[in-house]
Amino acid sequence: MTTMTEAEQLGERGGQHGDILVEVKNLQMYFPVTAGIIFQRAVAQIKAVDDVSFFVRKGETLGLVGESGCGKTTTGRCILQLYKPTGGQVMFDGQEITGMSTRQMRVMRRQMQVIFQDPYSSLNPRMTAGNIIGEPLIVHGLVNSKEEYRERVAELLQNVGLNPYMADRFPHEFSGGQRQRIGVARALSVDPSFIVCDEPVSALDVSIQAQIVNLLEDLQEQFDLTYLFIAHDLSVVRHISNRVAVMYLGHIVEIADRNEIYQNPMHPYTRALLSAVPIPDPVIDAQRERILLSGEVPSPLNPPSGCVFHPRCPIAIDSCTSVTPELREVDSGHWAACIQSPGYGAY
Amino acid sequence: MATLLEVKDLRTHFFTFEGVVKAVDGVSYEVEEGETLGLVGESGCGKSVSALSLMRLIPDPPGKIVSGELLFEGEDILKIDMDDMRRIRGAKMSMVFQEPMTSLNPVLTLERQLSETLQLHRGMSREESRNEAVDLLARVGIPDAERRVKQYPHQFSGGMRQRVMIAMALSCNPRLIIADEPTTALDVTIQAQILELMKSLTNEFGVSLIIITHNLGVVARYADRMNIMYAGKIIERGTAREVYSNPRHPYTVGLLKSVPRLDLPRRAKLDPIEGQPPDLINLPQGCSFRDRCRWAVDKCATDAPVLELVNDGHWSACWRSEDLGASALDFLPDLDEIGAATNGSAAVEESEEEN
């Protein structure tokens with residue numbers, strides 16, 4: 001990457017969307033399905049992520065929702081280069097990070113961190129909480145003395161609402177919510193600007209979920225963080241995100257501002273997803289529209305032709321089986337990939 | 001409606017090296033015939049253990065039903081011997097487990113697994129049970145049942161496996177089905193399918209259903225009455241309508257306030273319940289929720305509250321349930337505002353048609 005292209009891109013970004021921190025262009029991630037005992041040969045491809053493009057602005061939270069297997073976690077991992085994407089580009093702060101060497105990437109990772117879903121399996125059971133949080137400080141050479149190390153770990157623990165004396169405890173001595181706080185502190189330790197939150201509250205109890213969501217919001221404000229918030233719980237995503245992207249079978253089917261997507265969903269899948277969420281109030285819930293989707297998510301090994309959603313779509317027409325809809329801006333800042341959505345235009 | 005099951009002062013304790021875990025500590029409730037009862041609580045509150053106790057499936061040791069009565073169709077099933085219990089379990093009372101991935105036997109075809117209960121409890125021949133298995137699969141909405149019945153669990157998706165579990169639970173025309181977190185492992189659109197299926201089948205056959213879940217939305221949509229559990233005890237009970245609109249226990253209020261809701265305007269901040277659930281080995285004296293409670297008074301530290309009637313058919317175990325009036329849920333706006341906030345006018349039109 002030369003300074004020339006960087007400057008070009010900076011110019012372009014400034015002109016088009018303002019402050020974009022992460023940009024994903026036509027991202028593809030295909031996993032090979034192999035056969036054979038010694039000589040493994042690819043017999044098929046699982047298209048986990050297929051031609052996905054979006055951007056995340058500085059300081060905002062982009063929610064990424066979808067059902068299991070839709071490719072939302074894979075997308076997050078591709079951004080962090082934990083997987084090497086099959087095709088497409090990931091730009092971070094104007095630099096292309098796809099194709100960076102491992103060494104270059106290690107430096108980049110100070111900027112981009114991840115919080116994992118399962119607070120039970122994502123922490124090393126043999127390390128103390130302090131060492132889990134402090135390890136990145138040593139790896140990235142961010143502290144010069146033991147004294148500084150200890151102070152920083154104590155500070156991080158306080159940032160996430162834990163007591164500094166807990167640094168010597170092991171993960172099994174913490175509850176689920178507290179473990180997730182350790183995971184958050186570990187991500188914060190290198191002072192990143194971007195954090196991929198991969199289902200950070202899904203494994204937690206309702207009363208604890210709200211604690212972690214509030215913590216993430218407070219930290220965002222305090223440290224000027226940008227989040228990609230991956231989740232399947234639509235109500236949590238609406239609460240925390242500025243904009244929301246909905247994924248289905250490796251494709252983004254709709255992106256819009258938080259209020260827009262919940263009040264005026266354009267894609268039939270988004271509508272079905274929203275209507276499937278039961279509201280904790282029997283009176284109001286009984287009044288809501290319900291779209292019960294038939295069938296299940298098809299296999300990404302052999303996705304349907306045309307629009308991948310057409311076999312389950314309640315409003316599918318003949319063209320849906322042949323035309324692959326692209327993500328188009330159907331309204332200001334509202335993107336949808338459905339040929340029948342108003343404002344989509346000719347197909 | 002007649003009472004099908006009456007649970008009286010059930011106590012299930014686990015005797016571990018660290019001490020006695022009082023997983024279920026004095027729980028009493030009734031299940032009416034044909035009703036859907038929700039049992040709500042967070043992990044470790046004892047909701048699953050109370051369900052396993054009904055089936056007498058508590059691993060012993062370390063677990064033990066210490067005391068209580070389980071009157072099922074008038075008979076105390078804690079007193080009968082295991083042979084008689086086996087005749088009830090699976091026949092009159094059956095269970096749908098949380099994990100459709102692990103609760104089916106991976107090395108047997110569905111035909112084998114479905115016909116086993118049929119042969120055992122309904123005395124069917126092989127031929128009969130095979131045909132019945134196909135019928136059952138078709139009834140729970142599995143296409144091509146004739147061919148699918150010869151397949152193994154790994155050839156089914158999660159939602160399909162849960163359908164198989166439901167078919168199995170229904171196979172002997174039970175009086176009561178206990179569904180322990182039946183949809184927790186499933187996606188929202190599949191969750192909706194499975195719950196609609198369970199609701200319609202239980203209505204069709206007049207089966208009573210106990211849904212155990214931590215999802216407040218699921219209970220709101222599908223349960224007639226609900227019990228809310230905390231630290232091994234039921235702390236609030238009532239019809240779903242009543243409990244959601246007029247909660248009288250601080251824990252229920254806290255739960256309802258801590259979840260973000262799609263139908264309401266977004267709140268600036270969520271309102272969590274601070275702190276952690278208590279350790280079931282060293283339960284504090286008095287009310288076990290008091291450390292996390294905003295309404296706690298001195299009395300809560302010394303005397304444990306018991307369920308008391310606060311309204312018609314509505315019970316709460318809180319010393320201050322009277323003080324928790326309408327203001328407890330003050331974040332809820334007027335109904336007019338809710339109408340404006342829900343997803344557009346199309347939704348309203350559609351729902352009118354449904355009604």
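**Exercise 1. Work out how many cavities of 30 Å³ or more the structure holds, and describe the lining of the second largest cavity.**

Solution. The structure holds eight cavities of 30 Å³ or more. This is a predicted model, in which local features need pLDDT of at least 70 and side-chain atom pairs count only at pLDDT 80 or more, while totals for chains, interfaces and linings use all residues. Residues are numbered from 1 along each chain as its sequence is written, chains are lettered from A and ligands numbered from 1 in the order in which they are written, and side-chain values use heavy atoms, with hydrogens and water left out.

On a 1 Å grid over the protein atoms alone, a cavity is a set of points where a 1.4 Å probe fits but cannot get out, and lining residues have an atom within 4 Å of a point. A volume is the space filled by probe spheres set on the points, which are joined across faces, edges and corners.

The second largest cavity has a volume of about 80 Å³. Of the 13 residues that line this cavity, the closest to its centre are Cys307(A), Cys313(A), Cys320(A), Cys338(A) and Ile339(A). Sorted by class, its lining has ten nonpolar, three polar and no charged residues, where Ala, Val, Leu, Ile, Met, Phe, Trp, Tyr, Cys and Pro count as nonpolar, Asp, Glu, Lys and Arg as charged, and the others, Gly among them, as polar.

**Exercise 2. Find which strand gives the most residues to the lining of the second largest pocket.**

Solution. A pocket is an open set of points with protein on both sides within 12 Å along at least five of seven lines. The second largest pocket has a volume of about 810 Å³, and among its 35 lining residues Ser53(A), Phe54(A), Ile255(A), Leu327(A) and Trp335(A) lie nearest its centre. Strand 2 of chain A gives the most to this lining, with eight residues; strands are DSSP runs (E, at least two residues), numbered from the N terminus. By class, the lining divides into 15 nonpolar, nine polar and eleven charged residues.

**Exercise 3. Determine how many residues each chain brings to the contact, and how many salt bridges cross the interface.**

Solution. The contact (heavy atoms within 4.5 Å) takes 53 residues from chain B and 47 residues from chain A. Between chain B and chain A, the rule finds five salt bridges, each a side-chain nitrogen of Lys or Arg within 4 Å of a carboxyl oxygen of Asp or Glu. Glu196(B) forms a salt bridge with Arg290(A), and their closest N and O atoms are 2.9 Å apart.

Note on methods: Helices (H or I, at least four residues) and strands (E, at least two) are DSSP runs, numbered from the N terminus.
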